Amino acid sequence: MKKLAAAAGLAVAGVALWWRKNPSACPYSQRFWVEAPHPLITRDRLRETLEPSPGERILEIGPGTGYYTLDLAEWVGADGTVEIFDLQKEMLDHTIRRARERGLWNVSPTQGDAQNLPYEDDSIDAAILVATLGEIPDQDAALREVARVLRPGGRLIVGELFGDPHMVTVGSLERRAEGAGLRLEKRSGPTLGYFARLVPV
Ligand SMILES: C[S@@+](CC[C@H](N)C(=O)[O-])C[C@H]1O[C@@H](n2cnc3c(N)ncnc32)[C@H](O)[C@@H]1O
């Protein structure tokens, strides 16, 4: 029995390692992972780190099934917009369905790859990437794209949680962000589950 458990543990670790080295989007069929509670990277902590204001245009890359989206839409209010951007149409459809059910009409979906964003330069007040950066094959390209679309004085919030095979450590994020023209302004939460706030240099 012990041998079986050890073999299963090794197999899980092996798959996680392989997945980490070969980044790809969490498939819609496995959405139960993103629907589970997100300890440490809570919605309240996101709000504290982001400091959203009514009327803002927020870009959420990789919303999954909308764990944060509905709250973001409420924080920016009817005069604001939450642009949700995801590789998978099913994730966008799911999130939009939930938003409409809650009477939120300020969420706008676009399908695409974060390595090439379809938004104008300096057009976004804040961007959010939670448990998403590590799934993107070229993280540097995605960060450069975020830096391009952020307006001067805008901010990027990156959230990461231990246990995610694609978790990006704060150190790695800070190094990559610097190369993209973004500076780590503050981190909220422990290194095992944090939100980082980055600003254009
Ligand atoms: C692990 S889920 C996180 C969902 C949500 N942010 C959360 O924390 O619950 C990652 C999301 O990023 C999306 N994603 C992965 N790679 C992407 C890419 N290159 N461009 C856009 N979206 C991507 C996936 O489709 C998925 O919806």
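This is a predicted model: local features need pLDDT of at least 70, side-chain atom pairs count only at pLDDT 80 or more; totals for chains, interfaces and linings use all residues.
Two strands are taken to pair if DSSP finds at least two bridges between them. Seven strands form an open sheet in the order β3-β2-β1-β4-β5-β7-β6, and the pairing is mixed. The edges are held by β3 (107-111) and β6 (182-188); each of these has a single partner strand, so one side of each has no neighbour in the sheet. From one strand to the next, the twist averages 20°.

The residues of α6 that are buried are Q139, A142, L143, E145, V146 and A147. These buried residues pack against β4, β5, β6 and β7, and also against another helix, α7 (170-179).

On one hand, β1 runs parallel to β2, with 5 bridges joining them, and L59 stands opposite E83 in β2. On the other hand, β1 also pairs in the parallel sense with β4, over 4 bridges, and here I61 stands opposite L129 in β4. In a regular strand, side chains alternate between the two faces of the sheet.

Together, β1, α4 and β2 make a β-α-β unit that is right-handed.

R57 belongs to strand β1. This arginine is partly exposed, because 18 other C-beta atoms lie within 10 Å, and a residue counts as buried only from 20 or more and as exposed at 12 or fewer. Leaving aside neighbours within four places in sequence, R57 is in contact with G80, T81, E83, I124 and D125. The C-alpha atoms of R57 and D79 are 9.0 Å apart in space, although 22 residues separate the two in sequence.

Several loop residues complete the picture. N22 is found between α1 (2-21) and α2 (32-35). N22 is exposed, because 8 other C-beta atoms lie within 10 Å. From N22 to R43 the sequence separation is 21 residues, and the distance from C-alpha to C-alpha is 29 Å. A78 sits in the loop between α4 and β2. A78 counts as exposed because it has 12 C-beta neighbours inside 10 Å. A78 and T49 are 29 residues apart in sequence, with 21 Å between their C-alpha atoms.

Most residues other than glycine have a negative phi. E51, however, has a positive phi of about 50° although it is not a glycine, and A131 likewise has a positive phi of about 50° without being a glycine. E51 is found in the loop between α3 (43-50) and β1, whereas A131 is placed in the loop between β4 and α6. E51 counts as exposed because it has 12 C-beta neighbours inside 10 Å. A131 counts as buried because it has 23 C-beta neighbours inside 10 Å.

Finally, the model includes a ligand, which 20 residues surround. The closest of them are A25, G62, G64, Y67 and A114. By class, the shell around the ligand has 12 nonpolar residues, 5 polar residues and 3 charged residues.

Methods
Residues are numbered from 1 along each chain as its sequence is written. Helices (H or I, at least four residues) and strands (E, at least two) are DSSP runs, numbered from the N terminus. Axes are lines fitted to C-alpha atoms, for helices over the stretch in contact, and angles run from 0 to 180 degrees between N-to-C directions. A crossover is right-handed if, with the strands pointing away from the viewer, the path from the first strand over the helix to the second runs clockwise. A residue is near a molecule or strand if its C-beta atom, placed from the backbone, lies within 6 Å of it. Ala, Val, Leu, Ile, Met, Phe, Trp, Tyr, Cys and Pro count as nonpolar, Asp, Glu, Lys and Arg as charged, and the others, Gly among them, as polar. Two residues are in contact if their C-beta atoms, placed from the backbone, lie within 7 Å.
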